[in-house]
There are 4 protein chains.
Amino acid sequence: MALRVGVIGTGAIGEEHIRRIQFKLVGAEIVAVTDVNLERAAEVIKDIPGARVEKTGQAVIEAADVDAIVVTSWGATHEEYVLGSIAAGKPVFCEKPLATTAAGAKRIVDAEMAAGKKLVQVGFMRRYDSGYRMLKEVVDNGSIGDSLIVHCAHRNPEVGESYMTDMAIHDTVIHEIDVIRWLLNDDYVSAQVLMPKKTKNAFSHLSDPQIVLLETAEGRRVDVEVFVNAKYGYDIQCEVVGEEGIARLPEPQSVVMRKDAKYGTNILMDWKKRFIDSYDVELQEWIDSTAKGEVDGPTSWDGYRAAVTADACVKAQTSGAIEAIPAEPKPDFYK
Amino acid sequence: MALRVGVIGTGAIGEEHIRRIQFKLVGAEIVAVTDVNLERAAEVIKDIPGARVEKTGQAVIEAADVDAIVVTSWGATHEEYVLGSIAAGKPVFCEKPLATTAAGAKRIVDAEMAAGKKLVQVGFMRRYDSGYRMLKEVVDNGSIGDSLIVHCAHRNPEVGESYMTDMAIHDTVIHEIDVIRWLLNDDYVSAQVLMPKKTKNAFSHLSDPQIVLLETAEGRRVDVEVFVNAKYGYDIQCEVVGEEGIARLPEPQSVVMRKDAKYGTNILMDWKKRFIDSYDVELQEWIDSTAKGEVDGPTSWDGYRAAVTADACVKAQTSGAIEAIPAEPKPDFYK
Amino acid sequence: MALRVGVIGTGAIGEEHIRRIQFKLVGAEIVAVTDVNLERAAEVIKDIPGARVEKTGQAVIEAADVDAIVVTSWGATHEEYVLGSIAAGKPVFCEKPLATTAAGAKRIVDAEMAAGKKLVQVGFMRRYDSGYRMLKEVVDNGSIGDSLIVHCAHRNPEVGESYMTDMAIHDTVIHEIDVIRWLLNDDYVSAQVLMPKKTKNAFSHLSDPQIVLLETAEGRRVDVEVFVNAKYGYDIQCEVVGEEGIARLPEPQSVVMRKDAKYGTNILMDWKKRFIDSYDVELQEWIDSTAKGEVDGPTSWDGYRAAVTADACVKAQTSGAIEAIPAEPKPDFYK
Amino acid sequence: MALRVGVIGTGAIGEEHIRRIQFKLVGAEIVAVTDVNLERAAEVIKDIPGARVEKTGQAVIEAADVDAIVVTSWGATHEEYVLGSIAAGKPVFCEKPLATTAAGAKRIVDAEMAAGKKLVQVGFMRRYDSGYRMLKEVVDNGSIGDSLIVHCAHRNPEVGESYMTDMAIHDTVIHEIDVIRWLLNDDYVSAQVLMPKKTKNAFSHLSDPQIVLLETAEGRRVDVEVFVNAKYGYDIQCEVVGEEGIARLPEPQSVVMRKDAKYGTNILMDWKKRFIDSYDVELQEWIDSTAKGEVDGPTSWDGYRAAVTADACVKAQTSGAIEAIPAEPKPDFYK
């Protein structure tokens, strides 16, 4: 009766999802896993008696006792396993990115539409954060009137030397790209990127901070300050300016202190803690909707449009110009 | 393998716990229930194929396939069912109050100790609230030094005509009595109650607001403003004054708005929403610890000491004096 | 045309008031000063050409060109100089305390009433703080309905060894005693003092923190946590609980920072900065009302009632009992 | 000994400054005034015995007993009176705008430099706001490291039908243009203006809201959301993103309320109250520095650069392009 899940990729996030599904959430169990490192795969499931290791991702997908797939492998392999799941007619939850290129994401969209049934969900977990959900409720219920502008900030304490300028888009702003599309129920038509004075705390090859400016089909404006060596903390800000008022994403819950001549709260330093609860909600809802034969979360269309938008942002990083994002009407299939 | 749970009492809270255990939490299933209204009991479990209705609470307790009991019946029956569970050697989760009198709670303590094994957990759910847990972490980790004073407020928008002055203690402040004992890891030695100017918004028979003053064995002072016709919202405040700083219970997460010449957040009007998440955590942890043969949450000793303290507070309401609370060393059994 | 002011006492606060009156405020000038240390007095006025040193306080009071007196001498001499000013029929602004005993303050009240004209203003500067004035406006305009309870805290980072337990009343809580009387337009009828667990950061002879409980003629309840070795900052809190809502004293204006994993503001460490602006407002209003022949601020009656209340609090510190404060109707003279 | 001030223009702001200088501030007195409406001028000074009406602005400037000029006439006349004051060698405080065109402002700069002495101060009062001063102190003292980005919002509840799109720059953002130049000690090199989806609450001829993007010589980025029909209040926001942390302009001081299911503070609806205290500080400091023969506040160079920047913003409103702002090194004269 429980949804029988196969997992491809048992790295950090894969292992977390496996434990979440098996021990914390209801309605699903892990039956098969695989990884490029089969020993690692075996290690991860050693306390799950009903689970086995398969040699390949394709074997997981095709296993008769696997009802649904979770793809948490290396990003470059996502497209293959998602297409494989579609071919097998099985629901698949794919961690971001859906594919490493917009073209790859488009191939998934096309395959899914050709298959005639929505099967793919992309791992944009912010839509499951309690704060963003509260914010969306306020936006949707008309409390602040129509939304006109969204101001965002995405700040990390620091990044390693391997973090390149375009990763500010593909790894960081990608979250805002998706969650603001969802929040506004709108899509993007142009992108521009400003490069402010650079912090001394970034590696020499990295432009940091950056300001990403997005325009939507409805004319709304979104600005995202992305600052990945902000030192002071991991901090996600989002403020929606509406015709009748302003609504701001809640800060994470925290004890208010008066200590050492300071009044206020702690700020998280570790990004992993910021949306930790969202993963539980995300996968529980995926299990529940999958059990009903539905896809309720971010679709492959969402993954595709995020990729197209990210590509325009990266182009804008180097051109300094306002880059158009080709408009594409959302297929009825995804409505 | 799952913990097989029997539930005595299928009223509102009983039904909620049944659905929570069966559909939302992991590691347990409902196998038997009963209620004074057997039709109601049958209705509540109609979508749980593995569950049946038993004619009496005692039958639930004694059923061979029931591993653990949840008591959510009318308060006056709690003592009987908890004693019955102890007699049967089965773990029991009892919604508050543990008993309607301190003497009754003491009989449970005595029976449990005589049985030689901790079996009883009392439903003080605030210990499972994420905010209180953050606050306790700050208190315990020494961030504010030793705790000296705790300022609390417990405010409801309004209460019905049946709410009597002593219910401010037994139904309302009882939560602060338990949670502050736990927060401070201390116990009470005296109680005093002040009756401020009465709000015009209370029924004539009710003293509202009140201020409850508690002193602990360590000399700490706790003041609780209880104001059950505060009109503006359901609002729980708790501030711990320590030697090195002050720590305050977080406000519930809420979107920050700028609208209609006001800047701030909404306040909950409905108390049921304030600690809704705590019940999930509470029962999940009860299931987990019960599965390990342990009692991890509020014990019958905690329930007993809360009852003794509440009795002193009620006495102080009418005497206007400082009422001593007899000190009793915590038995090793409960350490 | 300017009000010609004589100042008795040129210590720290005296010097500040002299410079304030002469250089910062309008409508007054310093013409004569004195001090127990005449050299100090001369030093203080050396850049005020129109001012001279008189040998005694009485000489300042009697000088023909002195229109009004400011008493900023040692507390034990206040009564004498205020009585002298009354005898001379001249308006007098007296820094707190009005007198060192309630009996002394009463002698001033009696003398002033016998003289038939209000002449005395006491230096309770909090009534002139912008935050307290905003709070009083909210209380007075009915926004929160009738006031039922006031929760206060008065916290200092630390005090020296010479600070004794009764000084928590006479030097510290005295400010709350006056400002809450004014805020509520009510007077006190009883006092009680709780002694919580003592902080390790206080000298051994000092009870710290303390909680002062006051009851008013209208039945309102005021609690004041006084904690003079609170380490983290100088912090004044005041929250009024009304029938329809709660109003809280604004925090001092401060830049909101996100830095070093902390979100919030700085807290003042130096009490002198907290109410610095209030002194300007206080003395400007005193100059303006004195020029009109009126007393607009805290009267000698207010100073007297503060002294009576403080005496009851000190008695309660040692008795541990609820000490009655003799009710005295406010004379029409002071209405 | 007092600075003898002549005022040209006795409209609303002129009258306020006259009363401020005469009755509230120290060190100055009004001796002569004029206005296009001489009756109005006479009415305004009727309670100032030492003041007279002159027939023309030039007469005020030339009057032998006038030490310094305040220009509060119609904007189109500012240039003439400021140039006249320079010609007369007298200090002049000119309300904004310094001139109606950048060219006019440049003529003033040139005349002042030719005259060889700084005489002109422009009425940018935000530099005197306690909040901005606190913010500048944090920026200047290195608390947040070097400043990289400034996010601003300037929101009004509503504007009348006569408010045109370019007034968002000349009347509204002009304040941010000056105060951020001062805050950063930097100057602008380019401007861009985004036109988000328009609020339904604006008149049809007005683009509202707008987002103004400024780049500085040091590469810093400033974004200003200007939204003059924001309905909910008059709201000025400013957040400086630095290398080591973020600092935010304090909100105006306000009582914190819990009422009607809302927690927070009131927001001002009336812009006049927001910076009311700044005018006092501004003119007092102008009086004090003028008495010392200095110009301490915003200079004609500041007024000129603000005008040049505003012109580029207006051009960008229609071009949609990034408009360069010609760099001009600050003359040594103004350093």
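**Exercise 1.** Determine where D:R155 lies, whether D:R155 is buried or exposed, and which side chain D:R155 joins in a polar contact.

*Solution.* Step 1: D:R155 is located in strand 7 (residues 147-155) of chain D; strands (E, at least two residues) and helices (H or I, at least four) are DSSP runs numbered from the N terminus. Step 2: the relative accessibility of D:R155 is 1%, so the residue counts as buried. The classes are buried under 20% relative accessible area, exposed over 50%, and partly exposed in between (1.4 Å probe, protein chains only). Step 3: the side chain of D:R155 makes a polar contact of 2.8 Å with that of D:Y232. A polar contact is a pair of N or O atoms within 3.5 Å; within protein, one must be able to donate a hydrogen and the other to accept it, and residues adjacent in sequence count only if both atoms are side-chain atoms.

The model is predicted: local features need pLDDT of at least 70, side-chain atom pairs count only at pLDDT 80 or more, and totals for chains, interfaces and linings use all residues. Residues are numbered from 1 along each chain as its sequence is written, chains are lettered from A and ligands numbered from 1 in the order in which they are written, and side-chain values use heavy atoms, with hydrogens and water left out.

**Exercise 2.** State how many salt bridges the whole structure holds, and characterise the pair A:R127 and A:D302.

*Solution.* Step 2: A:R127 and A:D302 form a salt bridge with an N to O distance of 3.3 Å. Step 3: this pair links distant parts of the chain, 175 residues apart, with A:R127 in the loop between strand 6 (120-122) and helix 6 (130-140) of chain A and A:D302 in helix 10 (residues 300-319) of chain A. Step 4: A:R127 and A:D302 are both buried.

**Exercise 3.** Explain what the salt bridge between A:D235 and C:R258 joins, and what the one between C:R40 and C:E15 ties together.

*Solution.* Step 1: the side chains of A:D235 and C:R258 meet at 3.0 Å, N to O, in a salt bridge. Step 2: because A:D235 belongs to strand 11 (residues 235-242) of chain A and C:R258 to strand 13 (residues 256-259) of chain C, the pair joins two chains. Both residues, A:D235 and C:R258, are buried. Step 3: in the salt bridge of C:R40 with C:E15, the closest N and O atoms are 2.7 Å apart. Step 4: C:R40 is in helix 2 (residues 38-44) and C:E15 in helix 1 (residues 12-24) of chain C, so the pair ties together parts 25 residues apart in sequence. Step 5: C:R40 is partly exposed at 28% relative accessibility, and C:E15 is partly exposed at 25%.

**Exercise 4.** Describe the interface of chain C and chain B by its contacts and its salt bridges.

*Solution.* Step 1: 38 residues of chain C contact 38 residues of chain B, where contact means heavy atoms within 4.5 Å. Step 2: the rule finds eight salt bridges across this interface. Step 3: B:K197 and C:D146 form a salt bridge of 2.5 Å, N to O. Step 4: between chain C and chain B, 13 residue pairs are in polar contact, both residues at pLDDT 80 or more. Step 5: strand 7 of chain C supplies five residues, the largest share of the side of chain C that touches chain B.

Technical notes
A salt bridge is a side-chain nitrogen of Lys or Arg within 4 Å of a carboxyl oxygen of Asp or Glu.
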